[in-house]
Amino acid sequence: MGAHGVKAVFFDLDNTLVDTAAAGRRAIEEVISVLQSKHHYGEGEARVICDKVQAKLLKECHDPAKMCITDLRISHWEEAIQETIGGEVNRNLAAECYFLWKTTRLQHLTLAEDTRGMLTELRKRVRLLLLTNGDKQTQREKIEACACQPYFDAIVVGGEQKEEKPAPSIFHYCCDLLGVQPAECVMVGDSLDTDIQGGLNAGLKATVWLNKAMTTPVDTSPVPHYIISSVLDLPAVLQKMEHKINANVGTDHMASSNEAH
């Protein structure tokens, strides 16, 4: 990219570079299958347990100083089983379900071949950084599982920092890591609340919202600079930005040439 253009691109991980939601669905189906075949639960009961766990994950508040993520998530399964079936707390079954869910999800987290290719090409022209919110252990395991480290100049996990996206501090930390200014960076992600709002809060050059469904949100704030339906559309957006920058630079140059010296 030109001297006046984009110098770095920050990518979100979950449901941006890797399809965490799809991997999670595969993991849930695996647990349902084992609850039925090995533990003789009815399919309905097994699904209710898994639905309850997913609801707990969505509302999860985790303080690593108080409890490790493994214990917290086993307790989600423990509660879900007891809420559905009643009776004694079954810690062993809860742990079995959790580890099966976790390992299956990690097995299905892959960085697609065409995404790898795009990142490799992009990195020839700009610096790339992975910026993900979440618990340190959980996110590092995902990063390891999808083997995305070689494609990035730096990796920043929200759970290892004082603040997560959308706080400006984590974006400015990323800029410092790469030795670039916020106005030289682009944020790409699927979350309006964390990725897009965060990029805007931090004063980045542009925000690119990955909206796979291409549905218009009811609430149009925050407003991303660009919207794409596939992460593979990003190079075209960056090219468009470069043309715009070069055109502006050309205009500025002509204006200064025309001024009386």
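How many Å separate the centres of domain 1 and domain 2, taken over C-alpha atoms? Please go on from there to the contacts between them.

Analyst: This is a predicted model. The centres of domain 1 and domain 2, taken over C-alpha atoms, are 32 Å apart. In the domain assignment, domain 1 consists of two segments, 8-19 and 111-256, while domain 2 covers 20-108.

Where the two meet, 10 residues of domain 1 are in contact with 11 residues of domain 2. About 850 Å² of area is buried between domain 1 and domain 2, and carbon and sulfur atoms give 45% of that area.

As for polar interactions, 10 residue pairs are in polar contact between domain 1 and domain 2, counting pairs with both residues at pLDDT 80 or more. The side chains of K102 and E141 form a salt bridge, with an N to O distance of 2.9 Å.

E141 also takes part in a contact with L106. L106 lies in helix α4, which runs over residues 91-107. Apart from neighbours within four places in sequence, L106 is in contact with K142 and A145 as well as E141. E144 is 38 residues from L106 in sequence, and the C-alpha atoms of L106 and E144 are 9.0 Å apart in space.

Methods: Residues are numbered from 1 along each chain as its sequence is written. This is a predicted model: local features need pLDDT of at least 70, side-chain atom pairs count only at pLDDT 80 or more; totals for chains, interfaces and linings use all residues. Side-chain values use heavy atoms; hydrogens and water are left out. Domain bounds come from an automatic or database domain assignment. Contact means heavy atoms within 4.5 Å. Buried area is the accessible area (1.4 Å probe) that two parts lose on being put together, summed over both. A salt bridge is a side-chain nitrogen of Lys or Arg within 4 Å of a carboxyl oxygen of Asp or Glu. A polar contact is a pair of N or O atoms within 3.5 Å; within protein, one must be able to donate a hydrogen and the other to accept it, and residues adjacent in sequence count only if both atoms are side-chain atoms. Helices (H or I, at least four residues) and strands (E, at least two) are DSSP runs, numbered from the N terminus.
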